[in-house]
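The tour below goes from one selection to the next and says what is found at each stop.

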Amino acid sequence: MIVISSIYNEQKNAAPKAPDDINSILKNEYNAKIIKIIRTGLYKFKILKAFITARLSKDIIILQIPLLAKPFLYNILPIKRCIILIHDIGGLRSQNQKLLEKELKIFEKFNFIIAHNEKMKSFLVKNNINKNNIYCIELFDYLINNNKTNNNKNCNAILYPGNLK
């Protein structure tokens, strides 16, 4: 099994948590090979290299979305061995119709799509993604740190889960 995911360098939000959790679970439970791509200047080359590596393998391939690869690059992948796990739909979150249309065209290519919940599945189905290709896991946070937090009364941080506009 090969898992391909990407992150921005030094993200200061919760965006990398879900992909990192999936990487940990699949590496520990299934000895998956993790290809974690940091979105830097050579990002497009790294995506291409990861997709070619995946193509040449005989392994199941899990793509963690968002991946931010050019749509034509997905044609490199052996679709029958690919699973996409959608953590976020960028065009939906940002209300960018052009980006959303690109993402949906990519999703249409795949026979195995993992969505967080029925609401995401419903959205995908309403946007012409085959409902028989979508599987819901009904989870969002996969791993939880059992360490108790230090309730520092002098802390000036505000924690807000979600998107701010």
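Predicted model: local features only at pLDDT ≥ 70, side-chain atom pairs only at ≥ 80, totals over all residues.

How many salt bridges does a search of the whole structure find? The search finds two.

**Stop one: the first pair**

Select Asp20 and Lys36 and show their side chains. These side chains meet in a salt bridge, with an N to O distance of 2.7 Å. Asp20 belongs to helix H1 (residues 17–30) and Lys36 to strand S2 (residues 33–39), so the bridge ties together parts that are 16 residues apart in sequence. Asp20 is partly exposed, at a relative accessible area of 26%. Lys36 is also partly exposed, with a value of 40%.

**Stop two: the second pair**

Now select Asp88 and Arg93. Their closest N and O atoms are 2.5 Å apart, and the two residues form a salt bridge. Side chains of opposite charge can pair when their charged atoms come close.

**Stop three: a cis peptide bond**

Leave the side chains and display the backbone at Ile65 and Pro66. What kind of peptide bond joins Ile65 and Pro66? The bond is cis, with omega at about 20 degrees. Pro66 sits in the loop that runs between strand S3 (61–65) and strand S4 (82–86). Most peptide bonds are trans, and most residues other than glycine have a negative phi. The last two stops concern phi.

**Stop four: Gln95**

Select Gln95. This residue is not a glycine, yet its phi is positive, at about 55 degrees. Where is Gln95 found? Its place is the loop between helix H3 (90–93) and helix H4 (97–108). On the surface view, Gln95 is exposed, with a relative accessible area of 63%.

**Stop five: Asn128**

Finish at Asn128. Here phi is again positive, at about 70 degrees, and Asn128 is not a glycine. Asn128 lies in the loop that links helix H5 (118–126) and strand S6 (134–136). With a relative accessible area of 64%, Asn128 is exposed.

How values were computed
Residues numbered from 1 in each chain as written. Heavy atoms only, no water. Helix = DSSP H or I, 4+ residues; strand = E, 2+ residues; numbered from the N terminus. Buried < 20%, exposed > 50% of the residue type's maximum accessible area, 1.4 Å probe, protein only. Salt bridge = Lys/Arg side-chain N within 4 Å of Asp/Glu carboxyl O.
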